[in-house]
Amino acid sequence: MMMTKDFIGLFPNALSPEHCEMIIKEMENNEKYDAVDLKKQHGGAGHRTGTSYFIRTNDGWDLTRNIINEALGRCVRGYVDEYPTMGINCASHTIKLQKLEPGQGFHDWHCEAFNYATCHRVLFWMIYLNTTTEGEGMTEWINQGVRVQPEQGKVVICPSGFTHTHRGNASYKETKYIATGWYTHQGA
């Protein structure tokens, strides 16, 4: 585990290459799942393009959900150990898989807890399911001056609020696959 001083937790190799490849294969064989176009999901606003899959209970993604939950459980425990005053008040989380073709992504600066409907989000997390070409596809935090290169199996965890405004930069040479989501306050 590696932590930065800016509350951005980096956990290399949290998922095995085999698990990452299995999740990507499941996304590619998505006929039975509901895919959402990111541009439509966000009302056509901004620079958001790609395909998104929300994992919900009893929807056929059981193995993927279990693999992600096991890795996230280890990482979030490590994160809370590093920042114990946060407590363990975040319980549930959403899982969203994203397939971003070359040039696609969520390029606008944004945070994950930005209005009444999202204010219960405590932590944002992301898993890179594949490695992108050096210098491409990075996630960037404007206030911290941090840029993270996608490496297969790496988990990133940070606060959801405005202090950790970020964006996803495009990969132009290959498709980028990520899993993202949020831990929320218990009962939210």
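Reply: Happy to. Over residues 37-47 the pLDDT is below 50. Where pLDDT is low, the predicted coordinates should not be read in detail. This is a predicted model, where local features need pLDDT of at least 70, side-chain atom pairs count only at pLDDT 80 or more, and totals for chains, interfaces and linings use all residues. Residues are numbered from 1 along each chain as its sequence is written, and side-chain values use heavy atoms, without hydrogens and water.

Me: Why is the pair of phenylalanine 7 and tyrosine 83 called tilted?

Reply: Rings of Phe, Tyr and Trp (its six-membered ring) pair if their centres lie within 6.5 Å; planes under 30 degrees apart count as stacked, over 60 as edge-to-face and the rest as tilted. Here the centres are 4.7 Å apart and the planes stand at 35 degrees, so the pair is tilted.

Me: What makes the pair of tyrosine 79 and tyrosine 83 tilted?

Reply: Their ring centres are 5.0 Å apart with the planes at 55 degrees, so this pair is tilted. Phe7, Tyr79 and Tyr83 form one aromatic cluster.

Me: How do you know whether tyrosine 83 is buried or exposed?

Reply: Buried means under 20% relative accessible area, exposed over 50%, partly exposed in between (1.4 Å probe, protein chains only). Tyrosine 83 has 14%, so tyrosine 83 is buried. Tyrosine 79, at 1%, is buried, whereas phenylalanine 7, at 41%, is partly exposed.

Note on methods: pLDDT is the predictor's confidence in each residue, from 0 to 100. Contact means heavy atoms within 4.5 Å.
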